[in-house]
Amino acid sequence: MYQDIQDVIASFSGNNVPIERKETLNSLVNFINDKYADSKQVNINFICTHNSRRSHLSQVWAQAMASYFDLKNIYCYSGGTEQTAMFPMVAETLKSSGFKVNPISEGDNPVYTIKYSANNHPIIAFSKKYDDVFNPESGFAAIMTCSQADSGCPFIAGAEKRIPITYEDPKAFDGTPEQKEKYQERSLQIAEEMYYVFFNINK
């Protein structure tokens, strides 16, 4: 794993995660641990409305944490209730934490490679619906990262478990002097919560 990302992760302890958030996150911990106990593959699909901000940050940090804790057969995905595009500030925010982000296509919905390690497969990031062919069809945990998607999409076909782990949308600060700070704040909140989840997985 790239050293800058390791340095960010090393700053976490999980102590900044409030107790009520831990209670919510424990549902994901239990889902992963149950799969691990049966030596099964773990698929996690992070879902928000547009698959443009929070779901991508969650997917990337979760996959990085699985690697950091040397947890095998964990595959993280993201999707939306509709397709738009990954917001460029998300790429910039991840870069600031040490990820190597490169666009490999242009257009209205560009595709990015996001690497957290020199020798691991990159995460392929682009906006897509949660049931896109790029994502698993069944047996996955659907993590609802925004309350709008959670309430607006009461049924996720193929989901084995549905867990609302919602985050405030940094979009509210787009175009303001606080934009960079707020995206970083949300990214690090997600990162520390994913740290808490994967720290508590029994290998």
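Which ring does the charged end of Lys128 sit over? The ring is that of Phe126, whose centre is 4.6 Å away; a charge sits over a ring if NZ of Lys or CZ of Arg is within 6 Å of the ring centre and within 35 degrees of the ring normal. Arg21 likewise lies over the face of Tyr167, at 5.0 Å from the ring centre.

A word on the model: it is predicted, so local features need pLDDT of at least 70 and side-chain atom pairs count only at pLDDT 80 or more, while totals for chains, interfaces and linings use all residues. Residues are numbered from 1 along each chain as its sequence is written, and side-chain values use heavy atoms, leaving out hydrogens and water.

Now let us turn to the rings. The whole structure holds 8 aromatic pairs, where rings of Phe, Tyr and Trp (its six-membered ring) pair if their centres lie within 6.5 Å; planes under 30 degrees apart count as stacked, over 60 as edge-to-face and the rest as tilted. Phe69 and Phe199 make an edge-to-face pair, with 6.1 Å between centres and 70° between planes. Phe69 lies in the loop between α3 and β2 and Phe199 in helix α6, so their pair ties together parts 130 residues apart in sequence. Helices (H or I, at least four residues) and strands (E, at least two) are DSSP runs, numbered from the N terminus.

Phe87 and Tyr183 are stacked, because their centres are 5.9 Å apart and their planes at 25°. Tyr183 is buried at 1% relative accessible area, whereas Phe87 is partly exposed at 23% (buried means under 20%, exposed over 50%, partly exposed in between, with a 1.4 Å probe and protein chains only).
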